[in-house]
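Hi there,

Here is the structure I promised to pass on. Have a look at it first, and my notes follow below.

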Amino acid sequence: MRRSVIALAGAAMSLVVPAAFGGGLTAQTAAVDTRSANVATRDLRAFLANDWHYWMHEYPEGATFVGYPGENARWTDYSSASIEGRNAHLRDALNALKAIPRAALPPSEQLNDDLYAEMLQTAIDGLRFHGDAMPLPSEVPPNLYVPVTQMGGPQQWIPEVIAMMPAARPSDYEDILSRLNGVPVVIDQTIGLMQDGMAHGWTPPRIVMRDVPKQAESQVVSDPLTSPLLAAFKSYPATFTAEAKTDFTRRAEAAYTENVAPAFQKLADFLTTTYIPACRETISISDVPDGADYYTYLVRWQTTTKMTAAEIHQIGLDLVKQTRAQMDALIATTGFRGSFEDFVRFINTDPRFTFASKDDALSHYRATAKRADPELARLFGTLPRLPYGVHAIPDAVAPSAPAAYYEPGAPDAGRPGYLNVNTYDLPSRPSWDMEDLVLHEGVPGHHLQISLAEEMRGVPEFRKQLGYTAFVEGWGLYAETLGPAMGFYTDPYSKFGFLSAVMWRAVRLVVDTGMHSMGWSRDRAIQYFEQMTGQPHLNAVVEIDRYIVWPGQALGYMIGRLEIQKLRQEAERELGDRFDIRAFHDAILDQGALPMDVLETHITQWIAEQKTKASQR
């Protein structure tokens with residue numbers, strides 16, 4: 001799972017890469033068409049640049065996230081007037097884009113036009129379900145009526161944004177101070193959004209909110225300088241004078257004491273006394289107004305396909321059956337005596353699979369990442385320049401966080417990516433699934449794919465930040481399958497970790513659709529997850545609660561992986577001995593994240609190009 005603090009909405013589905021422009025033209029007509037293409041391209045690029053600037057200004061946290069300059073002193077304004085203004089701009093932008101003659105654009109620009117138009121339209125469609133306006137696909141569509149859950153909210157993204165802000169110049173510190181002093185407005189507007197949701201029957205299930213007040217309260221400390229929010233004020237650049245350091249520290253402590261701490265305490269109190277008691281008892285998104293239609297919308301968004309929940313549910317059941325047979329066969333090779341449940345109990349309790357300490361866990365994850373890095377050259381022709389590191393997930397959110405997630409870097413801001421590892425309750429974090437997690441969240445998974453997209457040249461900025469779940473998470477799952485080619489999964493327990501992860505994502509197809517469209521209870525989903533994956537109970541609870549508040553998000557993983565594997569099989573079949581795994585992987589990644597049907601068209605064209613090149617040799 002990759003994590004983003006950008007509050008984005010919308011996605012692109014059912015897009016078609018257009019056929020090659022032109023053909024059979026006279027020289028005079030071609031010249032006219034070239035001029036038309038140049039004008040249309042200029043207009044499109046100007047529109048996309050202006051719209052990107054608009055959204056970066058409207059969502060300054062997103063600007064910080066991608067390294068866009070000049071917006072670091074502010075937070076997004078969630079007043080009614082600003083929300084209505086963004087919604088209106090969304091519709092105006094689509095009309096402006098449609099005014100640019102698509103037929104005059106060259107193929108590459110037609111793709112940019114198609115992607116952006118579909119994103120705008122899908123974001124507009126999401127306004128019916130109280131989605132926020134920005135039309136860039138994100139991991140989870142932000143919903144203005146449910147702005148706080150155990151998986152997100154200002155109690156999480158404010159510290160994350162502050163942590164990724166630059167802190168090299170006095171102006172950077174002024175920006176941090178401005179944002180610290182702006183926290184009360186963020187909290188007040190968030191509470192207002194929650195009140196709107198309550199009034200309209202849109203709340204998260206009460207059961208998943210049990211740890212959220214603690215998340216908010218964890219941001220309140222007696223000594224301001226012990227708060228992670230003030231980390232920059234404990235270690236200044238060497239160029240700062242002693243007077244400047246003293247002044248900044250004094251102002252930061254005042255901002256925290258007078259504004260930050262009271263605001264987070266206000267949020268915690270509101271959650272405890274008002275919001276959580278009003279949260280719904282049911283777990284299915286279908287139980288909120290228009291919830292069934294909303295789930296259909298989310299399934300389409302997350303998979304970038306037209307598949308129904310019932311179809312996905314059956315794919316999950318079939319994959320569960322297939323993977324369970326593989327797990328049983330693997331267990332048999334270990335000589336273990338006992339049932340599947342006995343084996344699961346063994347690998348989740350035996351000391352050999354337990355990390356001794358938080359530092360021990362991080363050391364093992366870092367060592368595994370270092371083993372993966374040099375193997376990439378055999379599988380990829382192009383590698384990202386951006387480095388990555390391994391961090392622990394912050395204690396404040398770790399109890400409700402997944403086993404690991406990736407936090408993208410920002411090349412323009414000089415910020416590396418990070419593989420974040422959950423070190424909470426170490427006995428429930430077995431070492432046998434470590435290799436699989438590193439390959440998914442680090443390389444060749446999220447860090448490699450996302451960094452390559454961010455480093456693309458000659459494309460509009462929005463193309464570098466596309467985050468279709470089916471592509472990004474589908475690639476992460478596909479990256480796990482490359483383990484044997486990289487020297488991983490060499491013992492039966494790490495192989496079991498890989499198969500457990502495969503089962504994990506197959507089970508997601510079953511339980512997500514089960515809970516949100518087929519009446520499954522939370523307990524049934526947890527029990528099914530535990531029985532099928534072999535994961536510890538804590539992982540099962542955290543994961544199921546995640547699917548409850550992120551309906552449909554978990555579906556993109558396996559649907560995307562299956563599509564990428566299908567495309568590889570097709571390329572191997574069509575190219576035979578001419579198939580080059582490095583070239584294939586580069587072709588999958590060289591356009592950044594794409595909807596599944598666009599990716600299929602792209603790879604089909606790539607296969608044809610490889611055949612043509614081979615015939616000309």
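The largest nonpolar core in this predicted model has 190 residues, where a nonpolar core is a set of buried Ala, Val, Leu, Ile, Met, Phe, Trp, Tyr and Cys residues joined through side-chain atoms within 4.5 Å. Buried means under 20% relative accessible area, exposed over 50%, and partly exposed in between, with a 1.4 Å probe and protein chains only. Phe-233, Phe-496, Phe-584 and Ile-588 have the most contacts inside this core. Helix α9 (residues 242–278) gives the most to it, with 14 residues; helices (H or I, at least four residues) and strands (E, at least two) are DSSP runs, numbered from the N terminus. A second, separate core of 5 residues includes Ile-393, Val-397, Ala-398 and Ala-401. In soluble globular proteins, nonpolar side chains tend to be buried together.

What does Ile-588 touch, leaving out residues up to four places away in sequence? Its partners are Phe-471, Trp-475, Ile-564, Leu-567, Leu-599 and Ile-603, with contact meaning heavy atoms within 4.5 Å.

Now for the chain as a whole. The secondary structure of the protein chain comes to 23 helices and 3 strands. Its radius of gyration, taken over C-alpha atoms, is 25 Å, close to the 25 Å that the globule rule gives for 617 residues, so the chain is as compact as a globular protein of that length. That rule is 2.2 Å times the number of residues to the power 0.38. Along the principal axes, the C-alpha atoms fill a box of roughly 75 × 65 × 55 Å. Buried residues make up 58% of the 617 residues. Of the contacts with a separation of 6 or more, 80% are between residues 24 or more positions apart.

Thr-41 lies in helix α1 (residues 27–58) and counts as buried because its relative accessibility is 18%. Thr-41 touches Leu-105, Pro-106 and Glu-109, not counting residues up to four places away in sequence. Pro-351, in the loop between α12 (340–349) and α13 (358–372), counts as exposed because its relative accessibility is 65%. Pro-351 and Gly-131 are 220 residues apart in sequence and 46 Å apart in space, C-alpha to C-alpha.

A few notes on conventions. Residues are numbered from 1 along each chain as its sequence is written, and side-chain values use heavy atoms, with hydrogens and water left out. As the model is predicted, local features need pLDDT of at least 70 and side-chain atom pairs count only at pLDDT 80 or more, while totals for chains, interfaces and linings use all residues.

Best wishes
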